[in-house]
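Please look over the sequence and the fold before reading on. The paragraphs below are meant to be read beside them.

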Amino acid sequence: MESQLKRFTFLQLSDVHLDSRFLSGRLGLSQSQRYERNNEMLLSLYRALEEAGNRRVDAILIPGDLFDADTITGPTINYLIESFSRLGDIPIIIAPGNRDYYSFASPYNPKVLQARGLPPWPDNVIVFDADEFKTIKHPLRDDVCFIGRAFQKNEVERRRLLNRPVALRTGAPLNFFVHHGFLEGYAGPDAEIADKYSAPFSVEELESQAFTYSALGHCHEFAEVYSSQGKLIGAYAGSFVGRSFEEAGPRLALFGTVIVGPSRIPECTVEPFEFDNRRIYVAGLDVSGLTEEVMSEEITLAIQDQGARTGDDIIYLHLEGSYPPEADKSAVVENFRDNYFHVRVADHTRPDYLSERFDERTTEGKFIEAMLEYKRRVEKGRADANLLDPSQAPDSVSGGTAEDALYYGLDALRRQRVDIRNVD
Ligand SMILES: [Mn+2]
């Protein structure tokens with residue numbers, strides 16, 4: 001019976017976003033860390049392709065956002081061309097997404113490579129270039145076809161592309177859909193991001209199509225898609241490397257297997273695989289009532305609880321609460337910075353000045369009273385002007401800013417040292 005089984009294996013990865021401008025902003029990496037991360041991301045991709053080569057998969061499926069078309073560099077394109085060509089005759093099927101969109105200027109376009117003095121894509125790289133769905137035959141297996149399309153602009157695609165049957169015209173028993181779009185009901189941390197709702201489709205719409213399996217891209221969290229009968233019909237691998245604090249924990253690629261047994265109904269499974277050597281973690285702690293020593297221990301625990309690995313990982317630490325004015329909080333925070341690849345602290349703590357009693361006749365007492373009055377006034381002013389939303393009217397002082405000024409002033413008066421809070 002074994003000889004009647006047909007197997008098809010693949011590697012699926014997407015949303016690598018090579019050469020995107022991600023590493024600035026909230027991640028707060030230094031120039032040299034950014035450089036290191038960029039190289040590491042290319043190495044992670046290389047390891048994935050190497051593993052696929054070792055396993056002799058039947059295809060590599062890339063449903064979009066492999067790179068950012070507007071910022072990708074010549075060396076990165078070269079690296080991709082070289083890495084892909086090492087796979088010999090294993091086909092690499094790419095359905096360009098909104099970031100690596102297929103335009104005249106796209107590096108996917110052979111003429112662009114020629115003009116830039118770069119070598120062409122090797123023959124095993126197959127890129128969908130049209131706006132409408134096309135079918136491509138597997139170069140080595142006549143029982144397998146791929147169906148896909150290309151984004152041609154970095155724009156939100158509002159059309160429901162799957163609300164009617166996609167014509168396959170293949171006759172092949174195994175049909176792989178390689179697609180960049182948003183699955184309704186997807187609930188990852190990036191689901192609410194503006195412009196995410198692009199090329200939308202529902203599980204029902206996907207299930208109504210004649211695809212064997214759908215390799216999906218665009219959503220950044222690993223998510224399997226099941227039919228109403230409980231069969232696996234597709235999956236998002238999620239982003240291939242972590243680039244922001246919304247992409248916490250392991251980032252994945254998928255090794256997939258489709259087996260067609262005597263029933264002739266294909267059975268799909270996917271196995272997640274982590275290739276990047278670093279993860280991003282978000283940890284939070286309320287430091288209220290903690291001494292310096294305990295604060296230090298609790299911060300370490302809060303980070304470890306998330307699963308962060310010393311030395312390797314990137315940490316976003318959110319601190320809140322109040323601490324005794326005499327505690328050297330900055331030193332505590334500095335102490336564990338070296339334990340990880342990078343630690344970004346969002347510090348919303350305050351020294352606990354106002355729990356003490358200040359003599360109203362002292363400079364400090366007068367200062368506090370004046371600043372609290374100032375804070376009340378600006379808050380009332382903003383409320384009267386209907387400007388409670390702090391993102392509005394950036395020119396006017398908010399209550400929060402007035403409070404910052406109060407605490408900075410007290411820092412200066414009490415400790416002759418001001419802890420500037422690092423708040424995003
Ligand atoms: Mn996308």
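Predicted model: local features only at pLDDT ≥ 70, side-chain atom pairs only at ≥ 80, totals over all residues.

Residues are numbered from 1 along each chain as its sequence is written.

The protein chain is assigned domain 1 (2-274), domain 2 (279-352) and domain 3 (357-424), with bounds that come from an automatic or database domain assignment. The centres of domain 1 and domain 2, taken over C-alpha atoms, are separated by 37 Å. Contact between these two domains involves 10 residues of domain 1 and 8 residues of domain 2, where two residues are in contact if their C-beta atoms, placed from the backbone, lie within 7 Å. On the side of domain 1 that touches domain 2 there are 5 nonpolar, 4 polar and 1 charged residues; here Ala, Val, Leu, Ile, Met, Phe, Trp, Tyr, Cys and Pro count as nonpolar, Asp, Glu, Lys and Arg as charged, and the others, Gly among them, as polar.

Helix 5 (residues 292-305) packs with helix 6 (residues 329-337) at an angle of about 35°, their axes being 10 Å apart. Helices (H or I, at least four residues) and strands (E, at least two) are DSSP runs, numbered from the N terminus, and axes are lines fitted to C-alpha atoms, for helices over the stretch in contact, with angles running from 0 to 180 degrees between N-to-C directions. Helix 5 contributes Glu292, Met295, Ser296, Ile299 and Thr300 to the contact, and helix 6 contributes Val332, Asn335 and Phe336.

Strand 8 runs parallel to strand 7 (residues 174-180), to which 5 bridges join it, and pairs in the parallel sense with strand 10 (residues 232-236) over 3 bridges; two strands pair if DSSP finds at least two bridges between them.

Tyr102 lies in the loop between strand 3 (92-94) and helix 3 (110-115), and Tyr102 is buried because 24 other C-beta atoms lie within 10 Å. Not counting residues up to four places away in sequence, Tyr102 touches Pro96, Tyr108, Val127, Asp129, Ala150, Phe151 and Gln152.

Methods: Buried ≥ 20, exposed ≤ 12 C-beta atoms within 10 Å, placed from the backbone.
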